Amino acid sequence: MNRMPLPALSSAVHVSRRLAGVALLALSLGAASAALGHGDVTPQEVDTKGLPDLGEAPLMENPFRSGNQHADHYDEAVAVGERGYAGNCAVCHGIQAMSGGLTPDLRNLEEWDDEFYLQRVVNGTERGMPSFKSNLDQTAIWAIKTYIESVTP
Ligand code: HEC
């Protein structure tokens, strides 16, 4: 699936970020798999109790973000997302979403990347991002996004 068309400037920024990421990744794959060999990378279930069930049909935007459909659950979403992030993402994307440079820094995602974010987390990529289809439902995935936004400066 392709990303939505972006304005020219931010598209150039995204492309250069992506290229830098690929170059770093080529260098880092060995290190990453060594690190993963030691850590516990079993995908963690995330308890989404207290949050509305978002169902299966993919949403195009984070529903917990201010102004969106479930913004009244923002605080619970951050709390659930913090646990989900720590158990599933931090090992590669860094504590509090601060990337050490080997993986994309998720704090750089913009609102119009929402669809891209969901697609990446569900399907993964062939270049090192695992698929979370089997252990994270859409409610957990958007809660994690809400947490990432909460730690974005
Ligand atoms: C095993 C390491 C690993 C884990 C665990 C992991 N990721 Fe990733 N992730 C990556 C790598 C490597 C990439 C870059 C992949 C690529 O460019 O094809 C990536 C890319 C992404 C992207 C695309 C970002 C961009 O700017 O291109 C998103 C979104 C993402 N990950 C979210 C998550 C979330 C949310 C979690 C936890 C649920 C997670 N990842 C867990 C390694 C990981």
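**Around the ligand**

Guide: Gladly! This is a predicted model. The shell around the ligand is made up of 13 nonpolar, 6 polar and 2 charged residues.

Visitor: Which residues come nearest to the ligand?

Guide: Of the 21 residues around the ligand, those are Cys-89, Cys-92, Thr-125, Gly-128 and Met-129. Helix 1 (8-38), helix 3 (90-93) and helix 4 are the elements that give two or more residues to this shell.

Visitor: Why are Asp-114, Leu-118 and Val-121 called buried?

Guide: The word applies if 20 or more other C-beta atoms lie within 10 Å of a residue's own. Asp-114, Leu-118 and Val-121 of helix 4 (residues 114-123) are buried, so each of them meets that cut-off.

Visitor: How do you know that they are on the same side of helix 4?

Guide: They cover an arc of only 70 degrees around the axis, and that puts them on the same side. Part of what covers the buried residues of helix 4 is helix 5 (138-150).

Visitor: What makes a group of residues a nonpolar core?

Guide: Its members are buried, of nonpolar kinds, and joined through C-beta atoms within 7 Å. The largest one here has 22 residues, and among those touching the most other members are Val-80, Leu-136 and Ile-144. Helix 2 (74-88), helix 4 and helix 5 each give two or more residues to this core, with the largest share, 7 residues, coming from helix 5.

Visitor: What is Ile-144 in contact with, leaving aside its neighbours within four places in sequence?

Guide: Ile-144 is in contact with Gly-81, Gly-84, Tyr-85 and Cys-89.

Definitions and conventions
Residues numbered from 1 in each chain as written. Predicted model: local features only at pLDDT ≥ 70, side-chain atom pairs only at ≥ 80, totals over all residues. Buried ≥ 20, exposed ≤ 12 C-beta atoms within 10 Å, placed from the backbone. Helix = DSSP H or I, 4+ residues; strand = E, 2+ residues; numbered from the N terminus. Arc of directions from axis to C-beta. Contact = placed C-beta atoms within 7 Å. Near = placed C-beta within 6 Å. Nonpolar A, V, L, I, M, F, W, Y, C, P; charged D, E, K, R; others polar.
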